Amino acid sequence: HLDDRLLPVDEDGEEDELGADGRIHFAKDKLYGRDEELAKCQELFDANESPAVVFLSGYSGSGKSRMVEEFVHLNSSTMKDDKSGRRPPILFLRSKSDSADGNVPFSSIGGLFDNIDKSASVEFMDMRDVIQETLGTDARLLLKVFPKLETFLNNDSMKRPSMRASFSSGSDSASISSSVVLSSGKQKDTKKRLMLALQFFFRTLSSRSKRPLVLFLDDLQWVDGLSMELIQSILTDNMIPNLFFFGGYRSNEVGEDHILTKSLQDIMDKRDEKGLNGDICIELKDLRQEAVGQFIADSLRLSYDEALPLTNAIFTKTFGNPFFTRQALEHLVRKNALYYDNITFRWDWNLQEKELKELISDDLLELVKAKIKHLDPKLQEVMMTAACTRTTFDAETILVLLHPKFLRQSQALFGAKPSEEEYEEEKMSLIDLLNQAVVEGLLIQPQVIKRRKSVRYSIGAVQSNEATGEEYAFAHDKIQETARSLICDGDEFEFLERVGNILQQRAQCPLFGEDWMFFTACEHLNRVSVQYKTVPIEKEEEKKPDYLEKEKQFRQAILNLRAAELSIDLLAFPAALDFCEHGIGYLPTDDEELWSEKYKDTALNLFSIAAQAKYGVGDNIAAERYCNYVIGQRKGDNPKVTVEEALPTLQVYLDIISDRGEKETALFLCLDILSDFGVKLPTNRRMLRAKVWWTLKQIRGRYLPTEESVQNMPQVMDPQVSDQMELMQLAGTLAFSADKTYLYMLLCCESVKNIFVHGLTDTSAASIASFANILMHFYNDFKTSPQLAELAILIADRQQSKFNETQPLNTANHNVLGWVRPISSTLKYHQRAYESGIASGNVNGGMVGKLFCVQAQLFCCSITLPELEGKFREGVAEMRKMNQEFMAGCACIVWQVVLNLIG
């Protein structure tokens with residue numbers, strides 16, 4: 001049912017319309033039986049409701065994709081405006097979920113920008129400055145989800161952070177830097193930032209594009225959780241104009257407990273709350289017999305009445321399903337029941353209607369299976385191999401799956417490197433087979449894509465742009481399912497194990513490796529491992545069963561660790577947890593062996609990511625259980641884990657106990673960790689005061705940062721030093737919350753000292769702003785503190801981190817600069833803190849900025865009391881909407897104080 005405009009033409013550039021080549025050339029210029037549904041969509045499109053939403057449901061093969069393509073085709077060729085008489089063509093972006101990608105984060109929307117035409121690329125480049133200005137360094141988060149956008153949004157500050165570059169190609173190294181956890185703060189906050197960055201991107205795309213934006217996401221019955229969250233946020237956002245959304249899914253595979261069912265209801269409810277109109281759900285039922293008959297007649301170049309016996313036979317078997325109607329026609333051709341008569345130059349048949357029915361199986365999938373079995377055995381193997389990857393694949397990957405000797409890493413395994421001639425010969429042979437499948441209607445080839453180094457990331461530095469790969473896709477997911485089912489039951493797990501092992505090696509190729517290969521390899525090998533464990537072991541095999549070898553199990557654990565790392569990087573907590581649990585299951589169960597030198601790094605990272613994932617989904621009890629297990633390895637006379645090794649897990653544990661309100665417990669744990677790092681802080685109040693005085697004297701004499709010194713300061717690259725500095729900043733925040741004044745002062749002083757010695761981190765601006773606050777309000781230094789406050793703002797500007805700049809902007813302006821300058825001069829900085837907090841997901845920091853902004857307006861002579869009251873009411877309403885009741889209460893108290901003062 002896919003758009004036949006993608007199908008190949010003959011060498012002369014025109015199709016053989018009559019079918020003298022023995023193949024049916026299906027009618028493609030008309031959409032049959034969907035006039036009513038198309039009219040509903042057109043009416044909604046013309047109403048200019050935005051964002052408009054259409055959910056298409058129906059059985060597999062009912063023509064959902066074909067209907068959307070026809071809608072886009074019609075509107076691209078007929079759209080007009082008032083001035084020039086024509087409007088630009090639709091900007092059409094599409095992606096689809098894959099049953100094999102259920103654990104791949106953002107897999108359902110990740111393909112939206114895989115094939116962008118040149119006219120659209122200009123629009124993306126125009127958006128680059130706006131995105132960079134609004135999101136700052138958070139703009140890099142976009143490239144995690146849509147790596148192919150880097151070609152159009154290319155900017156040094158927007159380089160995609162590649163987690164996979166940290167992986168070693170060797171199987172014995174699985175160490176992950178602890179800075180992965182600490183550098184991004186709380187995982188929940190980072191997820192919020194990612195979602196807001198994506199939402200802002202679609203706002204910008206729809207508002208700045210001169211063309212109507214049509215998004216089509218197909219096969220949502222396989223949607224992943226993160227994609228669904230993003231879809232919900234886009235479709236319920238009244239600030240996204242010019243958007244028309246299509247979502248397709250199989251109604252027979254979506255039950256009441258399905259994630260899509262609840263999400264659809266949530267979308268409709270939220271749209272109703274916001275007063276958004278323009279959402280419809282359309283169920284595509286099977287075509288009526290008249291539409292099927294007209295389609296068959298047009299395809300065979302016959303009249304409706306001439307094709308009626310054939311129509312009756314096929315309709316009683318397929319019930320009007322467009323996809324299976326085609327398969328039934330092709331099946332009759334293979335059986336020679338339907339043939340092209342070279343004498344009369346027309347399609348014909350000699351059997352009666354009843355005999356035609358008997359030739360068509362009741363099991364419609366058997367028609368597809370029979371078609372594949374009818375192919376050359378080599379092509380069958382290609383189809384089965386491709387079915388174990390994903391819906392869209394490239395010829396190069398299938399080649400190495402069929403012939404592992406062409407893997408770049410395989411030279412050590414397979415001996416001499418294959419010759420270029422042999423490689424080219426095998427590749428051309430494979431492409432011939434794939435093109436044959438295209439002719440048979442089993443595959444389509446959307447376009448040949450040149451792979452560029454700017455859009456490819458893998459394990460290792462990518463330094464080549466020489467690679468080109470032909471991409472193919474299954475014409476229908478039922479074809480992929482059927483090809484997969486052809487793998488013999490007895491050989492299935494052996495087949496999957498071979499594909500999984502080769503994909504794992506392929507994923508590590510610097511030029512061709514892709515993230516989905518890790519996920520797919522993990523899925524296959526985990527399934528194989530589970531199956532093998534349930535198979536009874538024969539006595540003669542008990543001595544040395546291959547699937548229980550420890551080295552093999554260890555490699556499986558490392559592979560799952562890598563997949564978990566990629567998942568947690570995209571904040572896909574359920575997927576990361578699933579991979580971690582599989583990985584932990586492959587490790588030794590004996591504690592002594594588990595924490596030995598060989599397994600320790602892998603175990604630490606798996607438990608750490610599992611704790612982050614549990615914390616991310618809100619299961620703090622399970623997360624704490626993982627943390628306690630790792631922390632327990634630090635105790636005793638012979639600790640198995642050092643504080644540096646356990647730091648990522650300790651950070652998660654700090655977040656958990658802080659969320660419970662145990663600020664003092666979290667503070668003393670921070671101090672304990674800093675003590676292990678060699679930072680000894682006194683606990684006695686008298687000693688604290690003395691230490692603060694001495695450290696402050698040191699800073700004023702040797703370590704006081706200046707604008708000149710900050711300009712030359714490097715960014716801290718050592719993960720251990722960075723972790724220590726960020727822990728010290730966190731400890732200072734906790735000390736302030738726990739009313740430990742002198743401890744807070746000492747930690748701020750030590751933080752500034754470390755900045756001068758080591759360099760800058762993401763929290764340096766906040767540390768200097770806090771230090772300026774201490775100098776002004778504890779030591780009455782009205783000369784140095786404003787200079788330091790300005791320096792904190794300068795550092796925040798330099799680092800361009802919207803999430804981290806809210807605290808220094810609020811502290812520097814409200815607590816320091818507001819005391820020595822006109823308060824009205826701080827308004828723009830508080831407004832900036834508010835906007836940065838909202839844009840980056842730092843809602844608490846943003847609302848503090850909002851509160852300070854409203855307070856500062858109290859001292860503006862140009863504002864009247866009713867206007868001021870309106871701003872306070874507006875601010876309080878927004879704070880409550882953001883669940884910031886404490887901030888709302890503070891604003892109410894300030895307003896009441898104002899009313900009391902003026903009587």
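**Reading helix packing and cores**

Modeller: In this predicted model, the crossing of α27 and α30 is left-handed. The contact involves Lys 663, Ala 666, Leu 667, Cys 670, Ile 673 and Leu 674 of α27. On the side of α30, the contributors include Gln 724, Leu 727, Met 728, Leu 730, Ala 731 and Leu 734.

Colleague: How should I read the spacing of such contact residues along a helix?

Modeller: An α-helix has 3.6 residues a turn, so residues three or four places apart point the same way.

Colleague: At what angle do the axes of α27 and α30 cross?

Modeller: The axes of α27 (residues 663-676) and α30 (residues 719-737) cross at roughly 150° and come within 9 Å. Angles over 145 degrees count as roughly antiparallel, and α27 and α30 are therefore roughly antiparallel to each other.

Colleague: What span should the 16 residues of helix α19 have at 1.5 Å a residue?

Modeller: Helix α19 (residues 492-507) should span 22 Å, and its end C-alpha atoms are 22 Å apart, which agrees.

Colleague: Which residues touch the most other members of the largest nonpolar core?

Modeller: They are Phe 55, Phe 202, Leu 310 and Leu 338, in a core of 202 residues. Leaving aside residues up to four places away in sequence, Phe 202 touches Leu 112, Phe 113, Phe 146, Leu 215, Leu 230, Ile 234 and Ile 240. Another core, of 31 residues, lies apart from it and includes Met 713, Ile 755, Ala 769 and Leu 809.

Definitions and conventions: Residues are numbered from 1 along each chain as its sequence is written. This is a predicted model: local features need pLDDT of at least 70, side-chain atom pairs count only at pLDDT 80 or more; totals for chains, interfaces and linings use all residues. Side-chain values use heavy atoms; hydrogens and water are left out. A nonpolar core is a set of buried Ala, Val, Leu, Ile, Met, Phe, Trp, Tyr and Cys residues joined through side-chain atoms within 4.5 Å. Buried means under 20% relative accessible area, exposed over 50%, partly exposed in between (1.4 Å probe, protein chains only). Contact means heavy atoms within 4.5 Å. Helices (H or I, at least four residues) and strands (E, at least two) are DSSP runs, numbered from the N terminus. The expected span of a helix is 1.5 Å times one less than its number of residues. Axes are lines fitted to C-alpha atoms, for helices over the stretch in contact, and angles run from 0 to 180 degrees between N-to-C directions. Angles under 35 degrees count as roughly parallel, over 145 as roughly antiparallel, 65 to 115 as roughly perpendicular and the rest as oblique. A crossing is left-handed if the near helix is turned anticlockwise from the far one by less than a right angle, and right-handed if clockwise.
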